[in-house]
Amino acid sequence: MVGHFHYVLFGGSVFGLYAGLYHWYPKMTGRMLNETLGKAHFILTFIGTNLTFLPMHQLGLQGMPRRVAMYDPQFQALNQLCTFGSIVLGISLLPFLANAIWSWSRGPKAIGNPWNAKTLEWTTASPPIIENWEVLPVLTEGPYAYGEEPAEVPAP
Ligand code: HEM
C-alpha cells in the first residue's frame, strides 16, 4: 500500500512538477537550462525514487504495519535501503538547483518557441513581453502536433 501510493504520488506529482518546470523554464526566464545537469538530475531522481519506494512494497508484503514510529528488527535492512534512497533523492536536488540558479543568469538565451510547441504561450517571446499580441493570434494546429515543424499560417 505505502509503496504503491508513493509510486503514484511521487511519480505522478513530483515528476510531473519537474516536467512542468523543465518545459516552461525557458518561457518564464528567457534562458535555457543546461542539459547535462538536467540529465544528472533525472538519473539521480529516477534511481533515488526506486531505491526509496520499491522496498516499501516488499516491507508491506512482509507484514510491516503502517504508521509506526519503531519497527521490528526484521524490517531494518529494507528500511535502511529506503533511507539511502531518500538521501539520493536529496542529493538529486543539487544539480537541479545549481542548474536553475546558474542558468537564470548564464544560460543561453531562449528563443520564443524552443520546443516547437503548439500552444499559445509559445507564440510570443521568452519571457513574454508586456503587450503580447497586437491582433488576436490564430492557432492553426491542436496542442498535440508537438515537436513537428510549424504549419504554414494562412494569410489573414
Ligand atoms: C523522499 C520522499 C519521501 C519519503 C522518504 C517518504 C516516506 C514516507 C513514509 C516512511 C511514510 C510513512 C509510512 C507508514 O506510516 O508506514 C510516508 C507516508 C505518506 N507519504 Fe511519503 N515519503 C516521501 C514523499 C512523499 C510525497 C512526495 C508524497 C505526496 C505527494 C507523500 C505522501 C505520503 C502520504 C499521503 C503518506 C501517508 C500518511 C498517513 O499514513 O497518514 N510522500 N511517506
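Predicted model: local features only at pLDDT ≥ 70, side-chain atom pairs only at ≥ 80, totals over all residues.

The domain assignment places domain 1 at residues 2–106 and domain 2 at residues 115–156.

**The shell around the ligand**

- The residues found around the ligand are V2, H6, L9, F10, S13, V14, T52, R66, R67, S86 and L89.
- Sorted by class, this shell is made up of 5 nonpolar, 4 polar and 2 charged residues.
- Helix α1, which covers residues 2–29, and helix α3, which covers residues 76–106, each supply at least two residues of the shell.
- The element that gives the most to the shell around the ligand is α1, with 6 residues.

- M56 belongs to helix α2, which is formed by residues 35–61.
- Is M56 buried or exposed? M56 counts as buried because 22 other C-beta atoms lie within 10 Å, where the cut-off for a buried residue is 20 or more.
- Leaving aside residues up to four places away in sequence, M56 touches V2, G3, H6 and C82; among these contacts, V2 and H6 are also listed around the ligand.
- M56 and N79 are separated by 23 residues in sequence, and their C-alpha atoms are 7.8 Å apart in space.

Notes: Residues numbered from 1 in each chain as written. Near = placed C-beta within 6 Å. Helix = DSSP H or I, 4+ residues; strand = E, 2+ residues; numbered from the N terminus. Nonpolar A, V, L, I, M, F, W, Y, C, P; charged D, E, K, R; others polar. Domains from an automatic or database assignment. Buried ≥ 20, exposed ≤ 12 C-beta atoms within 10 Å, placed from the backbone. Contact = placed C-beta atoms within 7 Å.
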